Amino acid sequence: MSDSKLREDMCFWAASLFDRGLTGGASGNISVRTSDGGLLVTPTGVSLGRLDPAALSRFDAQGQHIDGPAPTKEMPLHSAFYETRTNAGAVVHLHSTHSVALSMLPETDPEDAIPPLTAYAVMRVGKVALLPFFVPGDPAMADALRGLGGRRSAVLLANHGPVVASKDLEAAVFAMEELEETAKLALLLRGTGAQPLRGDQIAQVVDKFKLDRD
Ligand SMILES: O=C(O)[C@@H](O)C(=O)COP(=O)(O)O
Ligand SMILES: [Zn+2]
């Protein structure tokens with residue numbers, strides 16, 4: 001895909017996420033792989049609702065900032081995803097309300113923070129690891145992600161928000177939407193005795209769609 005189409009897509013999806021209230025203020029950030037192996041990255045401190053396609057940060061394939069404004073402070077986290085999941089084509093981080101709420105509940109399983117409530121969540125999101133709280137921009141967050149060895153395409157940062165990597169930007173946005181909807185369902189169903197999918201049901205979905213889920 002051309003650089004200009006990627007820029008347009010980033011601004012389109014960023015505005016769509018912002019307009020739907022999935023992240024507010026200047027929160028959240030997005031990066032996308034370019035055809036030359038570099039990255040286009042949202043600038044720090046800018047609302048996802050007001051991105052300018054001509055004002056995105058650009059990195060070369062060696063990870064050097066080559067033009068555009070200063071990138072998101074979460075660049076180490078985005079880089080850690082690309083390092084450990086070599087087929088990742090996009091990374092999206094938001095402060096979506098229900099996911100943030102779930103990250104703070106004592107019963108949230110750090111190994112499986114977004115419960116497998118529906119087949120679509122299993123297909124789009126997979127198992128989500130809960131990472132501890134870090135101050136935004138702390139490179140230690142990237143080290144914690146590296147510690148997962150690329151086994152997870154989505155993580156939930158405690159008291160902060162979700163981060164998703166996927167093959168391209170549209171897939172990352174779809175996964176993020178499903179992660180947030182599943183977190184919302186989990187909160188709605190809290191204390192009702194509602195059951196997530198059983199292991200054998202998850203295995204059927206994994207088998208049919210040839211997914212990775214360990
Ligand atoms: O929570 C934070 O401060 C960051 O993780 C964030 O969401 C926005 O930071 P920038 O991308 O540096 O604007
Ligand atoms: Zn954030």
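**Figure 1. Helices H2 and H5 make a right-handed crossing.** Here a crossing is right-handed if the near helix is turned clockwise from the far one by less than a right angle. The two axes come within 8 Å and cross at roughly 20°, with axes being lines fitted to C-alpha atoms over the stretch in contact and angles running from 0 to 180 degrees between N-to-C directions. Angles under 35 degrees count as roughly parallel, so H2 and H5 are roughly parallel to each other. A quick word on what you are looking at: this is a predicted model, in which local features need pLDDT of at least 70 and side-chain atom pairs count only at pLDDT 80 or more, while totals for chains, interfaces and linings use all residues. Residues are numbered from 1 along each chain as its sequence is written, and chains are lettered from A and ligands numbered from 1 in the order in which they are written.

**Figure 2. Buried residues of helix H2 (residues 75-84).** Look for Met 75, Leu 77, His 78, Ser 79, Ala 80 and Phe 81; buried means that 20 or more other C-beta atoms, placed from the backbone, lie within 10 Å of the residue's own, while 12 or fewer makes a residue exposed. These H2 residues pack against strands E1 (29-33), E2 (39-41), E5 (90-93) and E8 (161-166), and against helix H5 (139-146). Helices (H or I, at least four residues) and strands (E, at least two) are DSSP runs, numbered from the N terminus.

**Figure 3. The largest nonpolar core.** This core has 52 residues, and Met 10, Ala 14, Val 92, Val 164, Ala 172 and Leu 179 have the most contacts inside it. Helix H6 (residues 169-188) gives the most to this core, with 8 residues. A nonpolar core is a set of buried Ala, Val, Leu, Ile, Met, Phe, Trp, Tyr and Cys residues joined through C-beta atoms within 7 Å. Beyond its neighbours within four places in sequence, Leu 179 is in contact (C-beta atoms within 7 Å) with Ser 99, Ile 114, Val 125, Val 128, Ala 154, Pro 162 and Val 164.

**Figure 4. Positive phi at Asn 159 and Lys 210.** Asn 159, in the loop between strand E7 (154-157) and E8, has a positive phi of about 55° without being a glycine. Asn 159 counts as exposed because it has 12 C-beta neighbours inside 10 Å. In the segment after helix H7 (199-208) you will find Lys 210, whose phi is near 50°. Lys 210 has 6 C-beta neighbours inside 10 Å and therefore counts as exposed too.

Terms used:
Contact = placed C-beta atoms within 7 Å. Parallel < 35°, antiparallel > 145°, perpendicular 65-115°, else oblique.
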